[in-house]
Amino acid sequence: MIHFYVHIGPSFILQQGEFGVQSSSKLSWTRESTTPHLSRLAQNSQKLDGVDEWPGNGKLWKAAPSRGFNPCVKPSESYEAPGESRGYLLVHTNGGLNQMRAGICDMVAVARIINATLVIPELDKGSFWQDSSNFSDVFDEEHFINALANDVRIVKRLPKEFSFFNKAVKHFRSWSGVEYYQEEIAPLWQEYNVIRAAKSDSRLANNNLPPDIQKLRCRVHYDALRFAPHIEAMGELLVERMRSYGPYIALHLRYEKDMLAFSGCTYGLTTAEADELTAIRESTPYWKVKEINSTEQRAKGLCPLTPKEVGIFLEALGYPPSTPIYIAAGEIYGGDHKMAELASRFPTLIRKEKLAHAELTPFMSHATQMAALDYIVSVESNVFVPSYSGNMARAVEGHRRYLGHRKTIIPDRKALVSLFNKIDRGQLRDSKRLSAIITEIHKKRQGSPRKRKGPISGTRGRERFRTEEAFYTNPLPDCLCQNGSSYNPVEHRSTGLNTTTAQILLDGNMEKSI
């Protein structure tokens, strides 16, 4: 716990000018997982005067029963220490923070499969965010190496004598199983001492992998790959300060320039703004899809909810205007103008820049580190709500499931857009009826235990893998066990309403559009 500021009214004063974090005991895979490091924070932070203990109905903050599911990541009895290394695996990660995190975890598993010594991965410095951070700037490098000592060999850099050797540069096939790596990648050791993975994202299958490999992925993701001490300390500070406002929602408001440009979503924007986003998409070479119909994207639920839509959504669920909301996001496209309608419904909108001023200076020029702070505050929130199902939203959802199925409300964007369109056309009012519809739609979208979803029925080939629920979005059944069993998944349950039910709730005489 951090003890370096005192709370005086609405302001905070640092006592020593710097922040630090106490050392903690390391998670050992020789026993069942205890509460992971991100859940060490106390829940009884000092409250500001006049804040509500539980704003609105207390049920709004209550998580679904975890039904006895707890982390079970201990390896099997047949699991052995890493064998003799056959060579070095270099990894160039790609994407933002959480895409890189998932890729690093998968590459640890790949190193185990092909008997490689993993060189500390290189972070992506050429993405949209242009962050110069190295691995040790974002993650606790020493802990990463030590925590995985019984799983894979890891070195900080490629030995000099191997730097001049020819390297096998490979784009590993997406969503591949153990057989691919054993039969197509491992044979490369016969000719090369060094294999370089040109990309790290989605290179390992979500399902049908050996149980010990799946558990290894969880040990990496939820313990070994923890953030650097200065990030965790700052994250804990932000959480403490956020909790002084009372129970809070962390809103991952993915209404940022890069996401809108990438997804082609221009609803509610001016022509000039839409043209700017189109120009960004067309000039970004690694974004393959250039022509996007914004109206179709939105109707399919493939666009981030706008700040206004999020406000309607949260209000319809019953959260009162006094609810503190942490905005886990970068710069919102359109700034205060776009945030105005959300702020009119929920005035207590809080960003990390409000919680900490000078303390954030070392982080400000590093988008990856700033995203890590948002991740910590989101995982530790009372309720997490993502406006879009991007990499961070999926990672936070999975982490909260791992920590006891903390309340996570996943908006049904397709159904919501249909409702919002009816409001725009005057066919439906922002009323108790709307609240009842939205509440019913989301009864089973609040993070309760369920088995990870498989591919969408009817999909074929590699497209099947694309439609699966990502491994790190839901680590059940592989890494969560019920009542001490080693493998006891719950049956998959449908989430949300189907089209017919939602339409009946709307009104039989209304135009069908959900």
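How much space lies in the largest cavity? In this structure the answer is about 100 Å³. The structure is a predicted model, in which local features need pLDDT of at least 70 and side-chain atom pairs count only at pLDDT 80 or more, whereas totals for chains, interfaces and linings use all residues. Residues are numbered from 1 along each chain as its sequence is written, and side-chain values use heavy atoms, with hydrogens and water left out.

A search of the whole structure finds 3 cavities of 30 Å³ or more. Here a cavity is a set of points, on a 1 Å grid over the protein atoms alone, where a 1.4 Å probe fits but cannot get out, and lining residues have an atom within 4 Å of a point. Grid points are joined across faces, edges and corners, and a volume is the space filled by probe spheres set on the points. The largest cavity has 15 lining residues, and R298, C303, P304, T306 and E309 lie nearest its centre. Sorted by class, this lining holds 9 nonpolar, 3 polar and 3 charged residues (Ala, Val, Leu, Ile, Met, Phe, Trp, Tyr, Cys and Pro count as nonpolar, Asp, Glu, Lys and Arg as charged, and the others, Gly among them, as polar).

A disulfide is a covalent bond between the sulfur atoms of two cysteines. Here, a pair of cysteine sulfur atoms within 2.5 Å is taken as a disulfide, and by this rule the count comes to 3. C303 is bonded to C265, with the sulfur atoms 2.0 Å apart. The torsion about this S-S bond is about -90°, so the disulfide is left-handed. C265 lies in the loop between α7 (257–263) and α8 (271–283) and C303 in the loop between α9 (294–299) and α10 (307–317), so the bond ties together parts that are 38 residues apart in sequence. Helices (H or I, at least four residues) and strands (E, at least two) are DSSP runs, numbered from the N terminus. Both C265 and C303 are buried, where buried means under 20% relative accessible area, exposed over 50%, and partly exposed in between, with a 1.4 Å probe and protein chains only.

In a second disulfide, the sulfur atoms of C72 and C481 are 1.9 Å apart. Its S-S torsion is about 70°, so this disulfide is right-handed. C72 sits in the loop between β3 (69–71) and β4 (87–91) and C481 in strand β13 (residues 480–482), so that distant parts of the chain, 409 residues apart, are linked. C72 counts as buried at 7% relative accessibility, and C481 is buried with a relative accessible area of 3%.

The remaining pair is C218 and C479, with sulfur atoms 2.0 Å apart. A torsion of about 95° about the S-S bond makes this disulfide right-handed. Because C218 lies in helix α5 (residues 211–224) and C479 in the loop between α17 (463–466) and β13, the bond ties together parts that are 261 residues apart in sequence. C218 is buried at 1%, and C479 is buried at 0% relative accessibility. With bonded cysteines counted along the chain, the disulfides follow the pattern 1-6, 2-5, 3-4. C105 is in no disulfide, and the nearest cysteine sulfur, that of C218, is 8.9 Å away.

Turning to the strands, a sheet is held together as follows: its strands pair through backbone hydrogen bonds, either parallel or antiparallel. Two strands count as paired if DSSP finds at least two bridges between them. An open sheet of 4 strands has the order β11-β10-β9-β12, with parallel pairing. Its edge strands, β11 (349–350) and β12 (383–386), each pair on one side only. Strand β10 (residues 325–327) pairs with β11 over 2 bridges, and I325 stands opposite L349 in β11. Elsewhere, β4 and β5 are parallel and share 3 bridges, with Y88 opposite T117 in β5. From strand β5 (residues 116–119), A116 and L118 point one way and T117 and V119 the other way, and all are buried.

Two helices complete the picture. The expected span of a helix is 1.5 Å times one less than its number of residues. For the 13 residues of helix α13 (residues 367–379) this gives 18 Å, and the end C-alpha atoms are 18 Å apart, which agrees. α13 is mostly covered, with 11 of its 13 residues buried. Buried residues of α15 include R413, L416 and F420. After α15 comes G426, with a positive phi near 80°.

Note on methods: 1 Å grid on protein atoms, 1.4 Å probe; cavity = no way out; pocket = protein on both sides within 12 Å on 5 of 7 lines; lining within 4 Å.
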